Amino acid sequence: MMNVIEFQEKYGTEEQCREYLLKKRWPKGFVCPKCYHSEYFNVQSRNLFQCKACNHQVSVTAGTIMDKTRTPLAKWFLAFFLMAEDRSISSLMLAKRIGVAYYTAWTIRNKIRYMLGTRNIFTKPSKQQYKKSPVSLKRGRKKAASTKKSINYMDITKD
Ligand SMILES: [Zn+2]
């Protein structure tokens, strides 16, 4: 496992986190999920892509536990790192370590715990799912394991 300095060098900025997600989503470059066209515009922010052919929009975090987040990706990534190190970190401690409000940390923590159960970054729990107890999260594991687009979030924290 990387140490925190190495981790910050690799995933310390929004751009680095964004690049990581892009490579995972589109290893050979942008492909429109609707029409398979490969050219796009960036809309509003560099995190939103619009297909030049059909105008379908897709964000870099679509389908992940970070979907529609207002928290910077670098904070999410740091939370992945901290929770890989210590799964039992409290929401309060996580809030302090990544610099977000308590409720934000609580939500991030629950979503990451849900993802730890599925080991797939492209896992978007419903509100009920990520608020369930760890026992019911375990039960959901089999179903999620069959997801084809599988990304193990642990490869963020390994080297
Ligand atoms: Zn398209």
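At what angle do helix α3 and helix α4 pack, and how far apart are their axes? In this predicted model, helix α3, which covers residues 73-85, packs against helix α4, residues 91-98, at an angle of about 130°, and the two axes lie 10 Å apart. Because angles over 145 degrees count as roughly antiparallel and those from 65 to 115 as roughly perpendicular, this value makes α3 oblique to α4. The crossing of the two helices is right-handed.

The residues that form this contact can be named on both sides: Lys 75, Leu 78, Ala 79 and Leu 82 belong to α3, and they meet Leu 94, Arg 97 and Ile 98 of α4. Sorted by class, the contact of α3 with α4 holds 5 nonpolar residues and 2 charged ones, with no polar residue.

In soluble globular proteins, nonpolar side chains tend to be buried together. The largest nonpolar core in this model contains 24 residues, and within that core the residues with the most contacts are Trp 76, Phe 77, Ala 79, Phe 80 and Ile 112. At least two residues of this core are supplied by each of α1 (4-11), α2 (14-25), α3, α4 and α5 (102-118), and the largest share, 9 residues, comes from α3. Ala 79, already named in the contact between α3 and α4, touches Leu 94, Ile 98, Ile 108 and Ile 112 when residues up to four places away in sequence are not counted. Apart from this core there is a second, separate one of 5 residues, which includes Cys 32, Phe 49, Cys 51 and Val 58.

Although Ser 88 and Arg 113 are 25 residues apart in sequence, their C-alpha atoms are 9.6 Å apart in space.

Tyr 36, in the loop between α2 and β1 (40-42), has a phi near 65°, a positive value in a residue other than glycine, and Tyr 36 is exposed, with 10 other C-beta atoms within 10 Å. Asn 55, found in the loop between β2 (48-51) and β3 (57-59), likewise is not a glycine and has a positive phi of about 65°. With 12 other C-beta atoms within 10 Å, Asn 55 is exposed.

Notes: Residues numbered from 1 in each chain as written. Predicted model: local features only at pLDDT ≥ 70, side-chain atom pairs only at ≥ 80, totals over all residues. Axes fitted to C-alpha atoms, helices over the stretch in contact; angles between N-to-C directions. Helix = DSSP H or I, 4+ residues; strand = E, 2+ residues; numbered from the N terminus. Parallel < 35°, antiparallel > 145°, perpendicular 65-115°, else oblique. Left-handed = near helix turned anticlockwise from the far one by under 90°. Contact = placed C-beta atoms within 7 Å. Nonpolar A, V, L, I, M, F, W, Y, C, P; charged D, E, K, R; others polar. Core = buried A, V, L, I, M, F, W, Y, C linked by C-beta atoms within 7 Å. Buried ≥ 20, exposed ≤ 12 C-beta atoms within 10 Å, placed from the backbone.
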